[in-house]
Amino acid sequence: MWVSELILGEDHWEMAVELSITETREEAERLSKNATGQKLVMNLGRPSVEVQVGAITHHFYEGDIIILEISKEKRAKMGPPIDVTQPGSIDKITKCLEEKDPAYTIEREDMVPSSLTLADFLRDKGEGYRPDSLAYGAHELTQENCRHVIGVAGAASIRRIDDPNVEAHIRDVQYFVANTARKQVPHPGFFNLMKFCPHCGVELNKEANERAYQEKVAELGGF
Ligand SMILES: [Zn+2]
């Protein structure tokens, strides 16, 4: 299985959006190259990245995205931006790249998980903001690199119980239960936990996840 992904970002950060899991590398690359129109939006009341893949609009939520940033140590070593309007700047850039000048090149290990969430970006950049796309890609899915999906909460895949989508779904269900007798309220969709990760097939601790979910429901006031 292959992961089709789109890398968005600028300045000091990047977001890896897992578009889809596919059977073949070709399919993963094709999907990723067809991804366009990315923007930050609220969808179903939750922060999301909207992406068009072909004719279809997809929304990716907090748990579907990995946000990385350039480490503080690396930022301290980075040089000032090169002014490309100045003569000789292109030669300078070429030289930096050829010599892998650490002040102007970023390696994989310079990127570290960010404490910023999608909600932070939406607040900071505003709804409708369009981050640049830095790369399209595909990588092979293994049980080691898989970010296991443990269940679904309404429209969102979840990877852990403390995913904000779980809390949002519990609140949607509470609202539904409290109001559906008196007015038309859209059904919030179902919450389901899985026994095996649908992406890589690893066995999950469904019982522990179920307990954690029940605790979360109780913590938020029950149904
Ligand atoms: Zn998995």
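## Strands β1 and β8

Strand β1, residues 2–10, is joined to β8 by 7 bridges, and the two strands run antiparallel. Within this pair, Ser-4 of the protein stands opposite Ala-138 in β8. The model described here is predicted.

Strands of a sheet pair through backbone hydrogen bonds, in either a parallel or an antiparallel way.

## The open sheet

The pair belongs to an open sheet of 5 strands, which follow the order β7-β6-β2-β1-β8 with antiparallel pairing. At the edges of this sheet are β7, covering residues 111–113, and β8, covering residues 133–140. Each of these edge strands pairs on one side only. From one strand to the next, the twist averages 30 degrees.

## Helix α1 across the sheet

Which strands does helix α1 lie across? Helix α1, made of residues 25–33, lies across β1, β2 and β8, where β2 spans residues 13–22. The helix runs at about 30 degrees to β1.

## The protein overall

In total, the secondary structure of the protein comes to 6 helices and 11 strands. The C-alpha trace spans about 70 × 40 × 35 Å along its principal axes.

Of the 223 residues in the protein, 22% are buried. Among the contacts with a separation of 6 or more, 63% are accounted for by residues 24 or more positions apart.

Terms used. Residues numbered from 1 in each chain as written. Predicted model: local features only at pLDDT ≥ 70, side-chain atom pairs only at ≥ 80, totals over all residues. Helix = DSSP H or I, 4+ residues; strand = E, 2+ residues; numbered from the N terminus. Buried ≥ 20, exposed ≤ 12 C-beta atoms within 10 Å, placed from the backbone. Contact = placed C-beta atoms within 7 Å. Pairing = 2+ DSSP bridges. Axes fitted to C-alpha atoms, helices over the stretch in contact; angles between N-to-C directions.
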